[in-house]
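Thanks for coming, everyone. Please bring the structure up on the screen. I will keep this short.

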Amino acid sequence: MNGYLLSLSGGMLIGLSAVILMLANGRVAGISGIAGRLLQGLQSGVGAAFIIGLVFGPIVYRALSGSWPAVTVETGTPLLVVAGLLVGFGSRMGSGCTSGHGVVGLARLSPRSIAAVLTFLSTAVLTVFLMGILA
Amino acid sequence: MRNPVVLRIAAALVSGLVFGLGLSLSGMLDPSRVRGFLDVAGAWDPSLAFVLGGAVAVAALGNLVAQRMAKPVLDAQFHLPPRHPIDGRLLAGSAIFGIGWGIGGLCPGPALASLSLGLPATVWFVLAMAAGMIGHDRFAGPKT
C-alpha cells in the first residue's frame with residue numbers, strides 16, 4: 001500500500017477507536033484528557049487501561065507486520081523536553097489535543113474544537129517555519 | 001452478572017489498542033513525518049492529512065449513531081465536553097500546544113504509543129509532557 005492509503009487506513013482505525021470509546025463508555029477519546037485525569041488520580045482504572053492499550057498498539061503492529069513503525073526524532077533532547085512541557089501544559093489549558101479536539105471534536109462539529117484545531121495547526125506550522133529559517 | 005466497571009475497563013483497553021495500531025499504521029507515530037506535514041512552506045508532505053480525514057469521517061459516523069442512543073452501552077449517560085465558549089484559555093492553551101507540537105513533531109497520543117519502542121528521546125518527551133500536565137493542573141488550572 002502507498003503512504004496515502006496507509007495514512008487513510010490508520011486514520012480510520014483511530015476513528016474506530018474513538019467510536020468504540022464513545023458508544024461503549026460515552027467518553028471522548030482525548031489522550032491529553034485521559035492522561036491528565038490519570039495523573040490527577042481520577043478515573044484511574046479505565047484511563048490506565050486505555051493508555052496500556054495505546055502503548056501496546058505498536059507492539060501488535062510489529063507482531064502483524066514484522067517491523068516496528070518508523071519513529072525518527074530529529075529534534076535534540078533539550079529542545080524536545082521544552083516541547084514536552086509546552087505540549088503537556090498547553091493541551092491541558094486548551095482542554096484537548098489532536099485527538100480530543102482534532103478527531104472527536106471536529107466530528108461533533110464543536111465550535112470550541114474547530115477553534116482549537118485552527119489555533120494549534122497555525123502555531124505548529126508557524127513554529128516549523130521559523131525553526132526552518134533559524135536553522 | 002455483568003460488572004459494568006470491568007466491561008468499561010475492557011472497552012477502554014480495546015479502544016486504546018485500536019488507537020495505537022492506527023497510529024502505527026498511519027505514519028503519525030513518526031515525528032519527522034509530522035514535521036514534514038507541518039512544513040507547509042518547505043518540503044510539504046500532505047499524506048498525514050489523510051489520517052485526520054479518515055479519523056474524522058469514521059468518528060462522525062459513530063457520532064450519528066451516538067445521537068440516536070439514549071445512553072452509551074456501558075454507562076448511564078454520555079460524558080461530553082461543552083461546545084462553547086471559545087475563550088482565552090482554549091485559544092492560549094491550543095496556541096502553546098501547537099508550538100510544542102511543531103518543535104518536536106510529537107503530540108500526546110503518538111508520544112505515549114512510541115514508549116513501546118523504548119527510544120530515550122520520546123521517553124524524555126513523555127516525562128516532560130507529564131510534568132507540564134501536572135504543572136498546569138496544580139498551578140494554572142481554571143479558577144472555580
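I will go through the chains, then their contact, then the helix pairs and the core.

Some ground rules. This is a predicted model, in which local features need pLDDT of at least 70, side-chain atom pairs count only at pLDDT 80 or more, and totals for chains, interfaces and linings use all residues. Residues are numbered from 1 along each chain as its sequence is written, and chains are lettered from A, with ligands numbered from 1, in the order in which they are written.

Chain A comes up now. It has six helices and zero strands. Helices here are DSSP runs of H or I with at least four residues, strands are runs of E with at least two, and both are numbered from the N terminus. The order from the N terminus is α-α-α-α-α-α. The C-alpha trace of chain A spans about 45 × 40 × 30 Å along its principal axes. Of the 135 residues in chain A, 59% are buried. Buried means 20 or more other C-beta atoms within 10 Å of the residue's own, exposed means 12 or fewer, and partly exposed is in between, with C-beta atoms placed from the backbone.

Chain B also has to be described. It has six helices and zero strands, and its pattern along the sequence is α-α-α-α-α-α. Its C-alpha trace spans about 55 × 40 × 30 Å along the principal axes. Buried residues are 51% of the 144 in chain B.

What about sequence separation? Take contacts with a separation of 6 or more. In chain A, 39% of these join residues 24 or more positions apart. In chain B, the figure is 41%. A contact means two C-beta atoms, placed from the backbone, within 7 Å.

Next, the two chains together. Nonpolar covers Ala, Val, Leu, Ile, Met, Phe, Trp, Tyr, Cys and Pro; charged covers Asp, Glu, Lys and Arg; the others, Gly among them, are polar.

Now the helix pairs. Start with H4(A) and H4(B). Their axes come within 7 Å and cross at roughly 155°. Therefore H4(A) is roughly antiparallel to H4(B). Axes are lines fitted to C-alpha atoms, for helices over the stretch in contact, and angles run from 0 to 180 degrees between N-to-C directions. Under 35 degrees is roughly parallel, over 145 roughly antiparallel, 65 to 115 roughly perpendicular, and the rest oblique. The crossing of H4(A) and H4(B) is left-handed. Left-handed means the near helix is turned anticlockwise from the far one by less than a right angle; right-handed means clockwise. Among the residues that meet are Leu80(A), Ala83(A) and Phe89(A) from H4(A), and Ile96(B), Phe97(B) and Trp101(B) from H4(B). By class, this contact has 14 nonpolar, seven polar and one charged residues.

The second pair is H5(A), residues 100-107, and H3(B), residues 49-67. They pack at about 45°, with axes 7 Å apart. H5(A) and H3(B) are therefore oblique to each other. Their crossing is right-handed. The contact includes Gly102(A) and Val103(A) on H5(A), and Ala55(B) and Ala59(B) on H3(B). By class, the contact of H5(A) with H3(B) has nine nonpolar, two polar and no charged residues.

Now the core. A nonpolar core is a set of buried Ala, Val, Leu, Ile, Met, Phe, Trp, Tyr and Cys residues joined through C-beta atoms within 7 Å. The largest has 83 residues, and Ala18(A), Ala55(B), Ala59(B) and Phe125(B) touch the most other members. H1(A), residues 3-25, gives the most to this core, with 10 residues. Which residues does Phe125(B) touch, not counting those up to four places away in sequence? They are Leu80(A), Ala83(A), Gly84(A), Gly104(B), Leu106(B) and Ala111(B).

One residue of H1(A) to finish: Leu8(A). Leu8(A) counts as buried because it has 21 C-beta neighbours inside 10 Å. Leaving aside neighbours within four places in sequence, Leu8(A) is in contact with Phe50(B) and Gly54(B).
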